[in-house]
Amino acid sequence: MNSLVPNIVSGNKVEPQDSLIDVLNPSTGEAFGQLCRADRQAVSDAISAADDAFGQWRQTSLAKRTEVMFNLRQIIRSRSDELAAVITREHGKTLDDAAGEIARGLENVEFCAGLLNHMKGEFLEQAATGIDVKQIKQPVGVVSCVTPFNFPAMVPLWMITTAIAAGNAVILKPSEHTPYAANWIVEAFHEAGLPPGVLNVVHGGKEVVDQLIEDPRVKAISFVGSTPVAKSIYANAAQNGKRVQALGGAKNHMIVMPDADLEAAADCAISAGFGSAGERCMAISVVVAVGNIADELVEKIASRIGKLKTGAGADSASDMGPVITAEAKSRITGLIQSADDDGAALVCDGRQADLPDQGFFVGPTLIDNVTPTMEVYKQEIFGPVLCVVRVDSFDEAVELINSNRFANGTAVFTRDGQTAREFEFRIEVGMVGINVPIPVPIGAFSFGGWKDSLFGDTHMYGPESFNFYTRRKVVTTKWPNANETQISLGFPTN
Ligand code: NAD
(Lines give C-alpha, C1' and ligand atoms only; values in the text may rest on other atoms or scores of the structure.)
Protein backbone atom coordinates (compact mmCIF):
# COMPACT_ATOMS: atom_id res chain seq x y z
CA MET A 1 0.00 0.00 0.00
CA ASN A 2 1.48 3.37 -1.04
CA SER A 3 1.75 5.91 1.73
CA LEU A 4 1.17 9.64 1.52
CA VAL A 5 3.89 12.07 2.53
CA PRO A 6 2.21 14.96 4.32
CA ASN A 7 3.34 18.52 4.77
CA ILE A 8 3.88 19.18 8.47
CA VAL A 9 2.65 22.53 9.72
CA SER A 10 2.68 23.37 13.40
CA GLY A 11 3.16 19.68 14.15
CA ASN A 12 0.03 18.72 12.19
CA LYS A 13 -0.13 16.72 9.00
CA VAL A 14 -1.52 18.69 6.08
CA GLU A 15 -2.47 16.55 3.11
CA PRO A 16 -3.89 18.45 0.15
CA GLN A 17 -4.68 15.66 -2.29
CA ASP A 18 -5.42 17.49 -5.49
CA SER A 19 -1.78 17.45 -6.56
CA LEU A 20 0.07 14.29 -5.61
CA ILE A 21 3.56 13.43 -6.87
CA ASP A 22 4.78 9.84 -7.07
CA VAL A 23 7.85 8.96 -5.05
CA LEU A 24 9.86 6.25 -6.81
CA ASN A 25 12.26 3.63 -5.59
CA PRO A 26 15.17 4.10 -8.04
CA SER A 27 16.22 0.47 -7.54
CA THR A 28 12.93 -0.77 -9.01
CA GLY A 29 11.61 2.26 -10.86
CA GLU A 30 8.30 1.77 -9.07
CA ALA A 31 6.29 4.24 -7.03
CA PHE A 32 6.03 3.34 -3.35
CA GLY A 33 4.43 6.55 -2.14
CA GLN A 34 3.08 9.92 -3.06
CA LEU A 35 3.85 13.30 -1.68
CA CYS A 36 1.22 15.95 -1.15
CA ARG A 37 2.36 19.06 -2.97
CA ALA A 38 1.71 22.05 -0.73
CA ASP A 39 -0.77 24.51 -2.23
CA ARG A 40 -0.43 28.26 -1.67
CA GLN A 41 -2.57 28.08 1.44
CA ALA A 42 -0.46 25.32 3.00
CA VAL A 43 2.75 27.25 2.32
CA SER A 44 1.28 30.42 3.77
CA ASP A 45 0.05 28.48 6.82
CA ALA A 46 3.53 27.05 7.31
CA ILE A 47 5.04 30.54 7.23
CA SER A 48 2.41 31.78 9.73
CA ALA A 49 3.12 28.80 11.99
CA ALA A 50 6.85 29.52 11.91
CA ASP A 51 6.30 33.22 12.44
CA ASP A 52 4.08 32.54 15.48
CA ALA A 53 6.45 29.96 16.94
CA PHE A 54 9.53 32.13 16.46
CA GLY A 55 8.61 34.60 19.24
CA GLN A 56 8.42 31.82 21.79
CA TRP A 57 11.40 29.83 20.52
CA ARG A 58 13.82 32.76 20.59
CA GLN A 59 12.89 33.24 24.24
CA THR A 60 13.53 29.59 25.04
CA SER A 61 16.66 29.22 27.13
CA LEU A 62 19.85 28.04 25.53
CA ALA A 63 19.87 25.22 28.07
CA LYS A 64 16.54 23.95 26.75
CA ARG A 65 17.69 24.29 23.14
CA THR A 66 20.81 22.32 23.98
CA GLU A 67 18.66 19.59 25.50
CA VAL A 68 16.70 19.29 22.23
CA MET A 69 19.99 18.83 20.36
CA PHE A 70 21.15 16.07 22.72
CA ASN A 71 17.76 14.35 22.51
CA LEU A 72 17.80 14.55 18.73
CA ARG A 73 21.27 13.04 18.59
CA GLN A 74 20.13 10.17 20.76
CA ILE A 75 17.01 9.51 18.67
CA ILE A 76 18.89 9.52 15.39
CA ARG A 77 21.72 7.37 16.73
CA SER A 78 19.41 4.80 18.24
CA ARG A 79 17.26 4.56 15.10
CA SER A 80 19.87 5.16 12.42
CA ASP A 81 19.21 1.78 10.75
CA GLU A 82 15.59 2.79 10.28
CA LEU A 83 16.57 6.18 8.82
CA ALA A 84 19.17 4.54 6.56
CA ALA A 85 16.49 2.23 5.17
CA VAL A 86 14.24 5.23 4.49
CA ILE A 87 17.08 6.98 2.63
CA THR A 88 18.02 3.90 0.61
CA ARG A 89 14.43 3.26 -0.48
CA GLU A 90 13.92 6.73 -1.93
CA HIS A 91 17.46 7.63 -3.01
CA GLY A 92 18.88 4.26 -4.02
CA LYS A 93 22.28 4.56 -2.30
CA THR A 94 23.56 1.54 -0.42
CA LEU A 95 22.65 1.12 3.25
CA ASP A 96 26.31 1.62 4.26
CA ASP A 97 26.45 4.85 2.34
CA ALA A 98 23.18 6.01 3.92
CA ALA A 99 24.63 5.22 7.35
CA GLY A 100 27.68 7.32 6.45
CA GLU A 101 25.49 10.24 5.45
CA ILE A 102 23.63 10.02 8.75
CA ALA A 103 26.92 10.01 10.66
CA ARG A 104 28.04 13.17 8.84
CA GLY A 105 24.70 14.83 9.58
CA LEU A 106 25.05 13.88 13.24
CA GLU A 107 28.38 15.70 13.34
CA ASN A 108 26.48 18.91 12.88
CA VAL A 109 23.92 17.98 15.53
CA GLU A 110 26.86 17.45 17.88
CA PHE A 111 28.39 20.77 16.88
CA CYS A 112 25.05 22.47 17.52
CA ALA A 113 24.79 20.83 20.95
CA GLY A 114 27.67 23.18 21.79
CA LEU A 115 25.45 26.15 21.00
CA LEU A 116 26.32 27.88 24.28
CA ASN A 117 29.72 28.57 22.79
CA HIS A 118 28.49 29.36 19.30
CA MET A 119 25.89 31.88 20.50
CA LYS A 120 28.30 33.63 22.83
CA GLY A 121 28.81 37.30 22.03
CA GLU A 122 31.66 39.69 22.84
CA PHE A 123 32.16 42.31 25.51
CA LEU A 124 34.54 45.22 25.77
CA GLU A 125 34.80 47.01 29.09
CA GLN A 126 35.74 50.72 29.16
CA ALA A 127 35.70 51.10 25.37
CA ALA A 128 35.46 54.82 26.09
CA THR A 129 35.47 56.43 29.49
CA GLY A 130 32.62 54.86 31.47
CA ILE A 131 31.32 53.12 28.39
CA ASP A 132 31.08 49.39 27.77
CA VAL A 133 30.28 47.75 24.43
CA LYS A 134 28.91 44.30 23.78
CA GLN A 135 27.94 42.41 20.68
CA ILE A 136 25.10 39.91 20.91
CA LYS A 137 23.87 37.37 18.39
CA GLN A 138 20.16 37.18 17.72
CA PRO A 139 18.25 34.87 15.38
CA VAL A 140 17.09 36.28 12.06
CA GLY A 141 13.49 34.97 12.34
CA VAL A 142 11.76 32.64 9.89
CA VAL A 143 14.20 30.89 7.58
CA SER A 144 13.60 28.56 4.63
CA CYS A 145 15.82 25.61 3.85
CA VAL A 146 15.63 24.12 0.34
CA THR A 147 17.46 20.84 -0.07
CA PRO A 148 18.57 18.51 -2.93
CA PHE A 149 17.83 14.83 -3.45
CA ASN A 150 21.34 13.49 -3.05
CA PHE A 151 21.70 13.79 0.72
CA PRO A 152 18.14 13.32 1.98
CA ALA A 153 19.17 13.49 5.66
CA MET A 154 22.60 15.12 5.85
CA VAL A 155 21.85 18.39 4.07
CA PRO A 156 18.61 19.03 6.03
CA LEU A 157 20.61 18.30 9.20
CA TRP A 158 23.27 20.81 8.11
CA MET A 159 20.73 23.56 7.75
CA ILE A 160 17.77 23.11 10.03
CA THR A 161 19.75 22.02 13.07
CA THR A 162 21.91 25.14 13.06
CA ALA A 163 19.01 27.45 12.28
CA ILE A 164 16.99 26.01 15.17
CA ALA A 165 19.93 25.99 17.58
CA ALA A 166 20.41 29.68 16.83
CA GLY A 167 16.78 30.38 17.77
CA ASN A 168 15.11 30.62 14.37
CA ALA A 169 11.92 29.01 13.13
CA VAL A 170 12.26 26.95 9.96
CA ILE A 171 10.36 25.88 6.89
CA LEU A 172 12.07 22.95 5.20
CA LYS A 173 11.41 22.32 1.49
CA PRO A 174 13.07 19.01 0.59
CA SER A 175 13.57 17.49 -2.85
CA GLU A 176 10.42 15.94 -4.33
CA HIS A 177 12.46 12.75 -4.88
CA THR A 178 13.42 12.25 -1.23
CA PRO A 179 10.66 13.55 1.05
CA TYR A 180 10.42 10.62 3.48
CA ALA A 181 13.79 11.20 5.14
CA ALA A 182 12.95 14.88 5.56
CA ASN A 183 9.67 14.07 7.30
CA TRP A 184 11.42 11.46 9.42
CA ILE A 185 13.83 14.13 10.67
CA VAL A 186 11.07 16.65 11.36
CA GLU A 187 9.25 14.04 13.44
CA ALA A 188 12.48 13.19 15.27
CA PHE A 189 12.89 16.87 16.17
CA HIS A 190 9.39 16.91 17.63
CA GLU A 191 10.09 13.76 19.57
CA ALA A 192 13.25 15.46 20.87
CA GLY A 193 11.10 18.17 22.44
CA LEU A 194 11.02 20.87 19.76
CA PRO A 195 7.75 22.83 20.10
CA PRO A 196 5.33 22.60 17.15
CA GLY A 197 5.70 25.36 14.57
CA VAL A 198 9.45 25.85 15.06
CA LEU A 199 10.11 23.35 12.27
CA ASN A 200 7.65 22.86 9.43
CA VAL A 201 7.97 21.02 6.14
CA VAL A 202 6.30 21.83 2.84
CA HIS A 203 6.60 19.74 -0.30
CA GLY A 204 6.66 20.72 -3.96
CA GLY A 205 8.88 22.34 -6.53
CA LYS A 206 9.68 25.78 -7.93
CA GLU A 207 6.28 27.28 -7.17
CA VAL A 208 6.65 26.48 -3.46
CA VAL A 209 10.20 27.84 -3.35
CA ASP A 210 9.16 31.03 -5.15
CA GLN A 211 6.40 31.62 -2.62
CA LEU A 212 8.84 31.16 0.25
CA ILE A 213 11.25 33.62 -1.35
CA GLU A 214 8.60 36.22 -2.05
CA ASP A 215 6.87 36.19 1.34
CA PRO A 216 8.21 39.09 3.45
CA ARG A 217 7.87 37.06 6.66
CA VAL A 218 10.71 34.77 5.52
CA LYS A 219 14.01 36.47 6.34
CA ALA A 220 16.64 34.07 5.04
CA ILE A 221 17.04 31.25 2.49
CA SER A 222 19.54 28.41 2.61
CA PHE A 223 19.75 26.43 -0.60
CA VAL A 224 21.73 23.45 -1.83
CA GLY A 225 21.21 22.11 -5.35
CA SER A 226 22.27 22.56 -8.96
CA THR A 227 24.08 25.68 -10.15
CA PRO A 228 21.38 27.16 -12.42
CA VAL A 229 18.81 26.94 -9.62
CA ALA A 230 21.29 28.19 -6.99
CA LYS A 231 22.09 31.18 -9.16
CA SER A 232 18.46 32.11 -9.75
CA ILE A 233 17.51 31.61 -6.10
CA TYR A 234 20.41 33.81 -5.04
CA ALA A 235 19.30 36.61 -7.37
CA ASN A 236 15.61 36.27 -6.56
CA ALA A 237 16.14 36.12 -2.79
CA ALA A 238 18.51 39.10 -2.84
CA GLN A 239 16.00 41.07 -4.88
CA ASN A 240 13.43 40.28 -2.20
CA GLY A 241 15.77 41.63 0.46
CA LYS A 242 16.63 38.27 2.00
CA ARG A 243 19.80 36.91 3.42
CA VAL A 244 20.77 34.01 1.14
CA GLN A 245 23.35 31.28 0.78
CA ALA A 246 22.99 29.09 -2.31
CA LEU A 247 25.35 26.17 -2.84
CA GLY A 248 25.51 24.84 -6.39
CA GLY A 249 27.00 22.07 -8.48
CA ALA A 250 30.52 20.82 -8.90
CA LYS A 251 33.18 19.29 -11.12
CA ASN A 252 35.83 17.97 -8.78
CA HIS A 253 39.31 17.14 -10.05
CA MET A 254 41.86 14.87 -8.49
CA ILE A 255 45.46 15.42 -9.58
CA VAL A 256 47.71 12.37 -9.48
CA MET A 257 51.41 13.31 -9.53
CA PRO A 258 54.08 10.95 -10.88
CA ASP A 259 55.42 10.40 -7.35
CA ALA A 260 52.02 9.42 -5.88
CA ASP A 261 51.21 6.03 -4.41
CA LEU A 262 49.27 4.81 -7.45
CA GLU A 263 47.56 1.93 -5.62
CA ALA A 264 46.16 4.35 -3.04
CA ALA A 265 45.25 6.89 -5.72
CA ALA A 266 43.35 4.24 -7.71
CA ASP A 267 41.47 3.10 -4.59
CA CYS A 268 40.53 6.70 -3.83
CA ALA A 269 39.45 7.41 -7.41
CA ILE A 270 37.10 4.43 -7.19
CA SER A 271 35.53 5.34 -3.86
CA ALA A 272 35.30 9.06 -4.61
CA GLY A 273 34.09 8.55 -8.19
CA PHE A 274 31.55 5.79 -7.73
CA GLY A 275 30.40 6.07 -4.12
CA SER A 276 26.71 6.98 -4.11
CA ALA A 277 26.78 6.37 -7.89
CA GLY A 278 28.71 9.62 -8.31
CA GLU A 279 25.75 11.61 -7.02
CA ARG A 280 27.76 13.58 -4.48
CA CYS A 281 28.65 17.22 -4.84
CA MET A 282 32.14 16.26 -3.64
CA ALA A 283 32.47 13.20 -5.91
CA ILE A 284 35.62 13.10 -7.99
CA SER A 285 34.62 13.29 -11.64
CA VAL A 286 37.96 14.10 -13.26
CA VAL A 287 41.26 12.35 -12.63
CA VAL A 288 44.12 14.52 -13.87
CA ALA A 289 47.04 12.23 -14.60
CA VAL A 290 50.33 14.13 -14.63
CA GLY A 291 53.27 12.89 -16.70
CA ASN A 292 54.00 9.30 -17.57
CA ILE A 293 51.85 7.51 -15.01
CA ALA A 294 48.58 7.80 -16.96
CA ASP A 295 48.57 4.34 -18.59
CA GLU A 296 49.38 2.58 -15.34
CA LEU A 297 46.82 4.60 -13.36
CA VAL A 298 44.04 4.01 -15.89
CA GLU A 299 44.79 0.29 -15.85
CA LYS A 300 44.65 0.17 -12.03
CA ILE A 301 41.34 2.04 -11.92
CA ALA A 302 39.85 -0.14 -14.66
CA SER A 303 40.84 -3.36 -12.91
CA ARG A 304 39.08 -2.19 -9.74
CA ILE A 305 35.94 -1.24 -11.66
CA GLY A 306 35.72 -4.82 -12.86
CA LYS A 307 35.16 -5.94 -9.26
CA LEU A 308 32.33 -3.50 -8.43
CA LYS A 309 28.80 -4.81 -8.18
CA THR A 310 25.99 -2.49 -9.19
CA GLY A 311 22.62 -3.39 -7.72
CA ALA A 312 19.77 -2.42 -5.41
CA GLY A 313 20.90 -0.23 -2.52
CA ALA A 314 19.20 -2.49 -0.01
CA ASP A 315 21.15 -5.53 -1.23
CA SER A 316 24.22 -5.87 0.98
CA ALA A 317 26.18 -7.34 -1.96
CA SER A 318 25.87 -4.06 -3.92
CA ASP A 319 28.77 -1.62 -3.99
CA MET A 320 26.83 0.94 -5.94
CA GLY A 321 23.13 1.65 -6.37
CA PRO A 322 21.09 3.28 -9.15
CA VAL A 323 20.91 6.95 -10.10
CA ILE A 324 17.89 8.92 -9.00
CA THR A 325 15.55 8.96 -12.03
CA ALA A 326 15.09 7.68 -15.56
CA GLU A 327 15.84 11.25 -16.77
CA ALA A 328 19.13 11.30 -14.83
CA LYS A 329 20.05 7.94 -16.36
CA SER A 330 19.38 9.10 -19.89
CA ARG A 331 21.28 12.38 -19.32
CA ILE A 332 24.30 10.42 -18.02
CA THR A 333 24.27 7.82 -20.78
CA GLY A 334 23.88 10.64 -23.30
CA LEU A 335 27.06 12.25 -21.97
CA ILE A 336 28.89 8.91 -22.20
CA GLN A 337 27.79 8.69 -25.84
CA SER A 338 28.95 12.26 -26.49
CA ALA A 339 32.41 11.36 -25.14
CA ASP A 340 32.54 8.43 -27.54
CA ASP A 341 31.43 10.67 -30.42
CA ASP A 342 34.04 13.28 -29.46
CA GLY A 343 36.88 10.79 -29.68
CA ALA A 344 37.54 9.99 -26.01
CA ALA A 345 38.38 6.39 -25.09
CA LEU A 346 35.64 4.42 -23.29
CA VAL A 347 37.77 2.15 -21.10
CA CYS A 348 34.77 0.88 -19.10
CA ASP A 349 31.34 1.63 -20.52
CA GLY A 350 28.70 1.56 -17.77
CA ARG A 351 25.96 1.15 -20.35
CA GLN A 352 27.31 -2.31 -21.15
CA ALA A 353 27.76 -3.39 -17.53
CA ASP A 354 25.94 -6.26 -15.87
CA LEU A 355 22.94 -4.36 -14.48
CA PRO A 356 19.55 -5.25 -12.98
CA ASP A 357 16.71 -5.20 -15.51
CA GLN A 358 14.60 -2.76 -13.56
CA GLY A 359 15.46 0.55 -11.96
CA PHE A 360 17.66 3.43 -13.04
CA PHE A 361 21.08 1.81 -13.19
CA VAL A 362 24.23 3.00 -14.93
CA GLY A 363 27.38 0.95 -14.39
CA PRO A 364 30.70 2.52 -13.39
CA THR A 365 32.26 4.21 -16.38
CA LEU A 366 35.86 5.20 -17.06
CA ILE A 367 36.66 7.53 -19.97
CA ASP A 368 40.26 8.23 -20.91
CA ASN A 369 41.75 10.95 -23.12
CA VAL A 370 39.07 13.45 -22.24
CA THR A 371 39.83 17.06 -23.19
CA PRO A 372 38.39 20.28 -21.73
CA THR A 373 36.42 21.08 -24.88
CA MET A 374 34.32 17.90 -24.68
CA GLU A 375 30.77 18.10 -23.37
CA VAL A 376 31.45 15.28 -20.90
CA TYR A 377 34.14 17.50 -19.35
CA LYS A 378 32.21 20.75 -19.43
CA GLN A 379 29.03 19.55 -17.76
CA GLU A 380 28.45 18.32 -14.23
CA ILE A 381 27.67 14.63 -14.86
CA PHE A 382 26.41 13.70 -11.39
CA GLY A 383 26.62 10.01 -12.13
CA PRO A 384 29.12 7.12 -11.97
CA VAL A 385 31.47 8.44 -14.63
CA LEU A 386 35.18 9.11 -14.13
CA CYS A 387 36.97 11.09 -16.82
CA VAL A 388 40.74 11.04 -17.18
CA VAL A 389 42.50 14.12 -18.52
CA ARG A 390 46.19 13.64 -19.27
CA VAL A 391 48.54 16.59 -18.74
CA ASP A 392 52.31 17.01 -18.86
CA SER A 393 52.95 19.06 -15.75
CA PHE A 394 51.72 20.15 -12.34
CA ASP A 395 51.33 23.71 -13.65
CA GLU A 396 49.09 22.49 -16.45
CA ALA A 397 46.96 20.55 -13.95
CA VAL A 398 46.56 23.60 -11.71
CA GLU A 399 45.67 25.76 -14.71
CA LEU A 400 43.02 23.21 -15.81
CA ILE A 401 41.33 23.28 -12.40
CA ASN A 402 41.57 27.04 -11.99
CA SER A 403 39.95 27.54 -15.40
CA ASN A 404 36.88 25.53 -14.43
CA ARG A 405 33.75 27.45 -13.50
CA PHE A 406 33.02 25.04 -10.64
CA ALA A 407 35.18 25.13 -7.53
CA ASN A 408 33.67 22.92 -4.85
CA GLY A 409 36.34 20.34 -3.99
CA THR A 410 39.65 19.10 -5.33
CA ALA A 411 42.55 16.88 -4.31
CA VAL A 412 46.18 16.23 -5.07
CA PHE A 413 47.88 12.88 -4.68
CA THR A 414 51.61 13.20 -4.08
CA ARG A 415 54.36 12.22 -1.65
CA ASP A 416 56.03 15.59 -1.96
CA GLY A 417 55.30 18.23 0.67
CA GLN A 418 56.38 21.12 -1.54
CA THR A 419 53.99 20.08 -4.32
CA ALA A 420 51.18 19.73 -1.81
CA ARG A 421 51.88 23.15 -0.32
CA GLU A 422 52.06 24.76 -3.75
CA PHE A 423 48.73 23.14 -4.66
CA GLU A 424 47.06 24.33 -1.48
CA PHE A 425 48.38 27.85 -2.07
CA ARG A 426 47.51 28.26 -5.74
CA ILE A 427 44.34 26.27 -6.25
CA GLU A 428 41.13 28.32 -6.52
CA VAL A 429 38.74 25.86 -4.93
CA GLY A 430 36.86 26.01 -1.62
CA MET A 431 37.71 22.57 -0.19
CA VAL A 432 41.06 20.94 -0.80
CA GLY A 433 42.34 17.43 -0.07
CA ILE A 434 45.98 16.39 0.19
CA ASN A 435 45.87 12.64 -0.49
CA VAL A 436 42.22 12.87 0.63
CA PRO A 437 39.80 12.51 -2.28
CA ILE A 438 36.61 13.85 -0.67
CA PRO A 439 37.73 16.64 1.65
CA VAL A 440 34.35 17.37 3.26
CA PRO A 441 35.30 19.41 6.33
CA ILE A 442 34.49 17.89 9.71
CA GLY A 443 31.66 19.55 11.60
CA ALA A 444 33.85 22.09 13.39
CA PHE A 445 34.66 23.79 10.07
CA SER A 446 32.22 25.05 7.49
CA PHE A 447 31.42 23.59 4.07
CA GLY A 448 31.37 25.52 0.81
CA GLY A 449 32.90 25.93 -2.59
CA TRP A 450 33.93 28.96 -4.62
CA LYS A 451 32.88 30.39 -7.99
CA ASP A 452 29.79 28.70 -9.53
CA SER A 453 29.64 26.24 -6.63
CA LEU A 454 28.44 28.84 -4.13
CA PHE A 455 26.46 32.04 -4.45
CA GLY A 456 26.67 34.15 -1.33
CA ASP A 457 29.53 34.49 1.07
CA THR A 458 28.65 32.17 3.93
CA HIS A 459 29.53 28.51 3.96
CA MET A 460 27.27 25.87 5.42
CA TYR A 461 27.20 24.24 8.89
CA GLY A 462 29.87 24.84 11.51
CA PRO A 463 30.80 28.33 12.72
CA GLU A 464 29.87 30.22 9.53
CA SER A 465 26.40 28.78 9.72
CA PHE A 466 25.83 30.32 13.14
CA ASN A 467 26.80 33.65 11.58
CA PHE A 468 24.35 33.13 8.72
CA TYR A 469 21.47 32.32 11.04
CA THR A 470 22.12 35.20 13.45
CA ARG A 471 22.25 38.97 13.30
CA ARG A 472 24.84 40.76 15.33
CA LYS A 473 23.67 43.64 17.45
CA VAL A 474 26.11 45.98 19.19
CA VAL A 475 24.99 47.58 22.43
CA THR A 476 26.88 50.57 23.84
CA THR A 477 26.18 51.22 27.52
CA LYS A 478 26.82 54.12 29.82
CA TRP A 479 25.29 54.49 33.25
CA PRO A 480 24.39 57.95 34.61
CA ASN A 481 27.17 59.75 36.46
CA ALA A 482 25.95 62.72 38.50
CA ASN A 483 29.31 64.55 38.19
CA GLU A 484 29.27 64.72 34.40
CA THR A 485 27.77 67.36 32.10
CA GLN A 486 25.05 65.65 30.08
CA ILE A 487 24.88 67.99 27.08
CA SER A 488 27.54 67.85 24.37
CA LEU A 489 26.94 68.56 20.69
CA GLY A 490 30.31 67.23 19.60
CA PHE A 491 30.66 63.77 18.05
CA PRO A 492 31.58 61.44 20.91
CA THR A 493 35.22 60.39 20.68
CA ASN A 494 36.12 58.92 23.98
P1 NAD B 1 18.03 20.78 -8.00
O2 NAD B 1 18.66 22.11 -8.20
O3 NAD B 1 17.28 20.18 -9.13
O4 NAD B 1 16.97 20.84 -6.78
C5 NAD B 1 17.35 21.29 -5.51
C6 NAD B 1 16.12 21.82 -4.79
O7 NAD B 1 15.61 22.95 -5.49
C8 NAD B 1 14.96 20.82 -4.70
O9 NAD B 1 14.34 20.98 -3.45
C10 NAD B 1 14.05 21.24 -5.84
O11 NAD B 1 12.70 20.93 -5.58
C12 NAD B 1 14.25 22.74 -5.88
N13 NAD B 1 14.12 23.30 -7.23
C14 NAD B 1 14.34 22.68 -8.41
N15 NAD B 1 14.18 23.55 -9.44
C16 NAD B 1 13.87 24.74 -8.88
C17 NAD B 1 13.61 26.04 -9.43
N18 NAD B 1 13.65 26.27 -10.73
N19 NAD B 1 13.33 27.04 -8.56
C20 NAD B 1 13.31 26.83 -7.24
N21 NAD B 1 13.56 25.61 -6.66
C22 NAD B 1 13.83 24.58 -7.48
O23 NAD B 1 19.18 19.80 -7.48
P24 NAD B 1 19.09 18.23 -7.23
O25 NAD B 1 19.01 17.54 -8.53
O26 NAD B 1 18.07 17.92 -6.20
O27 NAD B 1 20.51 17.98 -6.56
C28 NAD B 1 21.68 17.74 -7.29
C29 NAD B 1 22.50 19.00 -7.44
O30 NAD B 1 22.80 19.53 -6.15
C31 NAD B 1 23.84 18.75 -8.09
O32 NAD B 1 24.09 19.80 -8.99
C33 NAD B 1 24.82 18.78 -6.93
O34 NAD B 1 26.14 19.14 -7.27
C35 NAD B 1 24.20 19.80 -6.06
N36 NAD B 1 24.64 19.68 -4.68
C37 NAD B 1 25.50 20.60 -4.21
C38 NAD B 1 25.97 20.51 -2.92
C39 NAD B 1 26.92 21.51 -2.38
O40 NAD B 1 27.14 21.49 -1.19
N41 NAD B 1 27.48 22.40 -3.18
C42 NAD B 1 25.54 19.46 -2.10
C43 NAD B 1 24.64 18.53 -2.61
C44 NAD B 1 24.19 18.65 -3.92
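Trainee: Which residue lies over the face of Trp57, and at what distance from the ring centre?

Mentor: A charge sits over a ring if NZ of Lys or CZ of Arg is within 6 Å of the ring centre and within 35 degrees of the ring normal. Over the face of Trp57 the residue is Arg65, and its distance from the ring centre is 5.9 Å.

Trainee: What should I know about the source of these values?

Mentor: This is a predicted model, where local features need pLDDT of at least 70, side-chain atom pairs count only at pLDDT 80 or more, and totals for chains, interfaces and linings use all residues. Residues are numbered from 1 along each chain as its sequence is written, and side-chain values use heavy atoms, with hydrogens and water left out.

Trainee: Are the rings of Phe149 and Phe382 stacked or edge-to-face?

Mentor: Rings of Phe, Tyr and Trp (its six-membered ring) pair if their centres lie within 6.5 Å; planes under 30 degrees apart count as stacked, over 60 as edge-to-face and the rest as tilted. The structure holds eight aromatic pairs. In this one the centres are 5.9 Å apart and the planes stand at 85°, so the pair of Phe149 and Phe382 is edge-to-face.

Trainee: How many residues apart in sequence are the parts that this pair ties together?

Mentor: Helices (H or I, at least four residues) and strands (E, at least two) are DSSP runs, numbered from the N terminus. Phe149 lies in the loop between strand 8 (142-146) and helix 6, and Phe382 in the loop between helix 13 (375-378) and strand 17 (385-391), so the parts tied together are apart in sequence by 233 residues.

Trainee: Are Phe149 and Phe382 buried or exposed?

Mentor: Buried means under 20% relative accessible area, exposed over 50%, partly exposed in between (1.4 Å probe, protein chains only). Both Phe149 and Phe382 are buried.

Trainee: Which residue meets Arg390 in a salt bridge?

Mentor: A salt bridge is a side-chain nitrogen of Lys or Arg within 4 Å of a carboxyl oxygen of Asp or Glu. The structure holds 21 of them. At 2.8 Å, N to O, the partner of Arg390 is Asp295.

Trainee: What is the volume of the largest cavity?

Mentor: On a 1 Å grid over the protein atoms alone, a cavity is a set of points where a 1.4 Å probe fits but cannot get out; lining residues have an atom within 4 Å of a point. Grid points are joined across faces, edges and corners, and a volume is the space filled by probe spheres set on the points. The search finds three cavities of 30 Å³ or more. The largest has a volume of about 110 Å³.

Trainee: Which residues are the closest to its centre?

Mentor: The lining of the largest cavity has 15 residues. The closest to the centre are Gly278, Arg280, Ala283, Ser285 and Phe382.

Trainee: Which helix gives the largest share of the lining of the second largest cavity?

Mentor: This cavity holds about 40 Å³ of space. Among its lining residues are Arg104 and Glu107, whose side chains meet in a salt bridge (3.1 Å, N to O). The largest share of the lining is three residues, and they come from helix 4.

Terms used:
On a 1 Å grid over the protein atoms alone, a cavity is a set of points where a 1.4 Å probe fits but cannot get out, and a pocket is an open set with protein on both sides within 12 Å along at least five of seven lines; lining residues have an atom within 4 Å of a point.
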